[in-house]
Amino acid sequence: MSKFGEEWTRGYRDMLIEAGSRALADCNLHGEEIDGIVVGTMAPGSLVGQEHIGALVADFMGLNPVPAIRVEAACASGGVALRQGYMAIASGMHDCVVVGGVEKMTDTPGEEVASALGGAGDQEWELFMGATFPAIYAMMARRHMLEYGTTEEQMASVAVKNHRNSSKNKYAHFQNEITMDTVMKSKYVATPLKLFDCAPITDGAAAVVLMPLEKAKKYVEQPIEIVASAQASDTLALHSRASMTSLRATQAAAKKAYETAKVTPKDIDVVEVHDCFTIAEIAAIEDLGFFKKGEGGKASLEGKTALNAEISVNTSGGLKGCGHPVGATGVKQAVEVVWQLRGKAEGRQVKDCEVGMTHNVGGSGATSVVHIMKRA
Amino acid sequence: MSPNALFMESVCMISQPVGIVGYGTCVPKYRIKAEEIARVWGEEPDRIKKGLGVFEKSVPDVDEDAGTLAVEASRNAILMAGIEAPAIGAVYVGSESHPYAVKPTASIVAEAIGATPDLTAADLEFACKAGTAGIQICMGMVASNMIRYGLAVGSDTSQGRPGDALEYTASAGAAAFLIGRDKAEFVAEIEETFSFTTDTPDFWRRQHAEFPSHGGRFTGTPAYFRHVMGATQGLFEKMNTKAADYDYFVFHQPNGKFPLEAAKKMGIDVEKVKPGLFTPIIGNTYSGASPIGLAGVLDIAKPGQRILVTSFGSGAGSDSFSIRVTDGMKAKREKYKGYTLADYIADKEYIDYGVYVKHRRKLKSL
């Protein structure tokens, strides 16, 4: 990983090269052994004026002529890139694939970033009409409050917990703890979501190296096995969905992942969920089956999602605390789960961590990608 | 040899005494409160006041501009110095709101104070630090005996787009410094100066644009703090001094918080910064800001006391000065009968947003 944050002095290339180099160093890998590159990135065209990211990465990592592709699935670009890399290995077409995720967001004025991110929704029916993502998730929050009695305090507790975790993560954007008061007294962005309910705009990159399991064992002492990779789609626009409080794509991807991995939510020790807003984490821990629908908020406020509580959720700090460089997020989630499964998550280690999960969402839930990993 | 080592080898110390022989300020009498601006834009005033540390700002009258403010500040400086205007050999006016795109403000000032025609004059622009750049140019000219006195002015009627955060701070004011070389005339000696400059686009206004653009949070750490701290610490290093050697610190003050934060980051007692911090009550006078802060401290400092002043101009650069108040201050201060900074600050009249819109010519249908 590169350090997440407002990285004023580093550009798109610097960050992805830093993350890629670290991933290669982690498994003592030489460039000539790599036979494929997949990069998840959402909007480099709008944000830094650069397209053709696959070729860029191969070039600047010094890996030509290795084939390289860019994957885009809005904020799920990283998770979908990981899945594409997994499929390349699983198909037998590739033997060693580097999967990266990157986004450089702070070189662009805030309103332009909001507009670029808005493209993750339905441009014609949502963004064009003025609905930005905070507004869309605010509607989801309102509906969750109406249907299940979820409160602003419950949502605030998610941000407090995620900052507590990110305060122990040296790669995180925010390494400070916050109080309930900080969240509750912060300014409304789109009621009921306040500033501290929202993930920040962040620069950052993350990378992982994928190989067939037997090969991986020759490179590292603790390879991590991807035991399930599942992805599902839903309507692009929020208003077309049967429910505003459940992400059906998440439910479908999770069901498939649990079946493939032959595990249940009770078997998961650590999960990185997509908390672009605090309400998103509450909906996610319900949709992934850790809590019954409607009980996610209560469980959060009661501390059931804290480190080493009932289920350790977002030990990296999540999108709220660790930061959300959109294309990098899905890959960062995998990096965090690898560290947890290896017992290398300094200061925020989940005890006896055997099985981990990542959950990455694009837009308001039109794409959802879930991975389950285990110690090999 | 590394670029830094090359620089250190070529560091030049001031070899001739240079100092301030008189100074003056000017702040328009109109004020608008943060509450009033917040009321119009539906913002919470307490959040603004706490966030920016600015409570009210000065507003120029309809017939005031960077030129008129510079003239008044310069007249006050000449009055304090007790010199004849024709003895001034150079006038430099630093501003980012020069009334003309082409046609100098400096010639207007020189004419108005009676220094014409035997002098050189030019306008300077370096966002908020053009005033201190003028001081440095005058220092060089008097020390090299090109001129006897040089007048350096920082003056602005700064702009902020309606509804932008800048609107709470962008204000108007000027400060003028007469620089000379005769120690007997000094009210304060400029012991040393050090500058820190990079190409950092944190804040800018393109040709023909009415309002400036800024990089939001980018204006903080990589811009203001890097340059203010770079220049201040560079001056410490050059002179082999430390924070404890100074009685007052004046930093550029785009808001009420940055100067205090910069002080904390450098281990400087914030109580040494507060006496020179005027932005909370008059707003950010841009090119006038750190010069006005310096003038305010000179008004209260005792002979022998040392002041470190560091400006900041977006784009970006900082000039630091080590200044020691001399014995000559007392007599000139007592003799001076013009308006002091304290007088300008006390003489105020509040206006509402409607009048403010008229004064700042923001009403486009007229």
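Predicted model: local features only at pLDDT ≥ 70, side-chain atom pairs only at ≥ 80, totals over all residues.
The largest nonpolar core of the model comprises 128 residues. Within this core, the residues with the most contacts are A:I37, A:V99, A:Y137, A:V208 and A:V331. Helix α14(A) gives the most to this core, contributing nine residues. One of the residues named above, A:Y137, touches A:L193, A:C276, A:F277, A:I279, A:A280 and A:S364, when residues up to four places away in sequence are not counted. Another core, of 105 residues, lies apart from the largest one and includes B:V59, B:M80, B:A175 and B:L308.

In chain A, helix α7 (residues 152-166) packs with helix α11 (residues 278-287), their axes coming within 8 Å and crossing at roughly 95°. Because angles of 65 to 115 degrees count as roughly perpendicular, α7(A) and α11(A) are described as roughly perpendicular to each other. On the side of α7(A), the contact is formed by A:Q154, A:M155, A:A156, A:V158 and A:A159, and on the side of α11(A) by A:T278, A:I279, A:E281 and A:I282. Six nonpolar, two polar and one charged residues make up this contact.

Residue A:C353 is found in the loop of chain A between α14 (326-342) and β10 (355-362). With 21 other C-beta atoms within 10 Å, A:C353 is buried, because a residue counts as buried at 20 or more such atoms. Beyond its neighbours within four places in sequence, A:C353 is in contact with A:D269, A:V270, A:Q340, A:L341 and A:G343. A separation of 7.4 Å is found between the C-alpha atoms of A:C353 and A:G343, which are 10 residues apart along the chain.

In chain B, helix α6 (residues 130-143) has 14 residues. From its first C-alpha to its last, α6(B) reaches 20 Å, close to the 20 Å expected at 1.5 Å a residue. Of the 14 residues of α6(B), 10 are buried, so the helix is largely enclosed by the rest of the structure. The buried residues are B:A130, B:G131, B:T132, B:A133, B:G134, B:I135, B:C138, B:M139, B:M141 and B:V142. Just after this helix, B:N145 takes a positive phi of about 70°.

The contact between the chains draws five residues from chain A and six residues from chain B. On the side of chain A that touches chain B, two residues are nonpolar, one is polar and two are charged.

Note on methods: Residues numbered from 1 in each chain as written. Chains lettered and ligands numbered in written order. Contact = placed C-beta atoms within 7 Å. Nonpolar A, V, L, I, M, F, W, Y, C, P; charged D, E, K, R; others polar. Helix = DSSP H or I, 4+ residues; strand = E, 2+ residues; numbered from the N terminus. Buried ≥ 20, exposed ≤ 12 C-beta atoms within 10 Å, placed from the backbone. Expected span 1.5 Å × (residues − 1). Axes fitted to C-alpha atoms, helices over the stretch in contact; angles between N-to-C directions. Parallel < 35°, antiparallel > 145°, perpendicular 65-115°, else oblique. Core = buried A, V, L, I, M, F, W, Y, C linked by C-beta atoms within 7 Å.
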